[in-house]
Amino acid sequence: FLILAALILILLGLFLMFGFTTFLLRPLWQVTDAAQAIASGDFKQRKRLPLRLPPQDEIDRLAGSLDEMVTRLERADELQNVAEQRFQRFFGDASHQLRTPLTSLRGFTEILLRGAKDDPETAQHILTRMKSEAERMTYLINNFLTLARLDDRTPLKTHYVDLIALSTERIEQIKTLTSDGPMISLEVKTNESLGVQADEERFKQLLFILLDNAVKYARPAPDGKITLQLDRQHEYAIIEVIDNGEGIAEEDLVHIFDPFYRGRYRKSSNGTTGAGLGLAIAQAIVRAHHGSISVQSELNKGTVFKVELPSAC
């Protein structure tokens, strides 16, 4: 009888131990099953994680860590999808932009082959047009390469750049290129020295893009006025390019730095149109220098592009 009772007690103890162990390990099994599903790419299985707030034991903390990891993975997946969409859109726009001059060059070549080369005047006109299209294509490719280099996160070779001296040089260059354009002036609003650690060539390109853009969209001479304004606020150098042109419509403002975006409601004062890459390059240059660029505009009153960069002194 005693042996039978001992066996019954042992079996009962094993049964109770198995049930108690199963009860304790069930949350861990839930975490394991959910983790395996998540690892296979099914992020929706996160709802199977036994989350309790605040965490009461190690399993709760493990489930919380997995839930946070899934949140980050979902965010990374969203960013990757956005980046892929941007690349596809950029690639499509770039292909379209390059297709136009290539088609023109092919057409002009066919015209020459059909006999236009025998007429000196016609041949000269066609060759001039071909040169223009080739230069346009070269300009586009150089801009594509610039954006690619700025986006690859390679550190720039920087040194101290005097903003006042460089701004004066850029203004004189723009005046030379647009002798009959709007009036351009430099205004320095601080008595402190103004300098930044920058890649000088990239910085020259930035100022040229902003000033050239202002010249295109400011009012024509003699009413047109552009001001390049320099200031220092706390530890930042401030650059503002202000024009009194027609302004930018609200529908265009949110896309103004997008590659190839030229604005549905914005037309230059001289009727010229670019590829829509200038402001995208300007933004990439500013970001590469750890700064920020923004725009404010009001229709029929003008536009202000503002660049903030860490000051070097």
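**Close-up views of helix contacts and salt bridges**

**View 1. A buried arginine, R170, and its salt bridge with E169**. R170 has a relative accessible area of 11% and is therefore buried (buried means under 20% relative accessible area, exposed over 50% and partly exposed in between, with a 1.4 Å probe and protein chains only). The model is predicted, so local features need pLDDT of at least 70 and side-chain atom pairs count only at pLDDT 80 or more, whereas totals for chains, interfaces and linings use all residues. Residues are numbered from 1 along each chain as its sequence is written, and side-chain values use heavy atoms, with hydrogens and water left out. R170 forms a salt bridge with E169, in which the closest N and O atoms are 3.4 Å apart (a salt bridge is a side-chain nitrogen of Lys or Arg within 4 Å of a carboxyl oxygen of Asp or Glu). E169, at 38% relative accessibility, counts as partly exposed.

**View 2. The crossing of helices α4 and α5**. The axes of helix α4 (residues 163-177) and helix α5 (residues 200-217) come within 10 Å and cross at roughly 45 degrees, which makes α4 oblique to α5 (angles under 35 degrees count as roughly parallel, over 145 as roughly antiparallel, 65 to 115 as roughly perpendicular and the rest as oblique). The contact (heavy atoms within 4.5 Å) is made by L163, L166, S167, E169, R170, I171, Q173, I174 and L177 of α4, together with E200, F203, K204, L207, F208, L211, D212 and V215 of α5. The residues of this contact divide into 10 nonpolar, two polar and five charged.

**View 3. K204 and E201 in helix α5**. The side chains of K204 and E201 meet in a salt bridge, with 3.7 Å from N to O, and the two residues lie three residues apart in helix α5, about one turn of the helix. K204 is buried, with a relative accessible area of 15%, whereas E201 is exposed, with a relative accessible area of 53%. Salt bridges that share partners join E169, R170, E200, E201 and K204 into one network.

**View 4. E110 and R106 in helix α2**. E110 forms a salt bridge with R106, the closest N and O atoms being 3.5 Å apart. Because E110 and R106 are four residues apart in helix α2 (residues 58-113), about one helical turn separates them. E110 counts as partly exposed at 35% relative accessibility, while R106, at 60%, counts as exposed.

Methods:
Axes are lines fitted to C-alpha atoms, for helices over the stretch in contact, and angles run from 0 to 180 degrees between N-to-C directions. Ala, Val, Leu, Ile, Met, Phe, Trp, Tyr, Cys and Pro count as nonpolar, Asp, Glu, Lys and Arg as charged, and the others, Gly among them, as polar.
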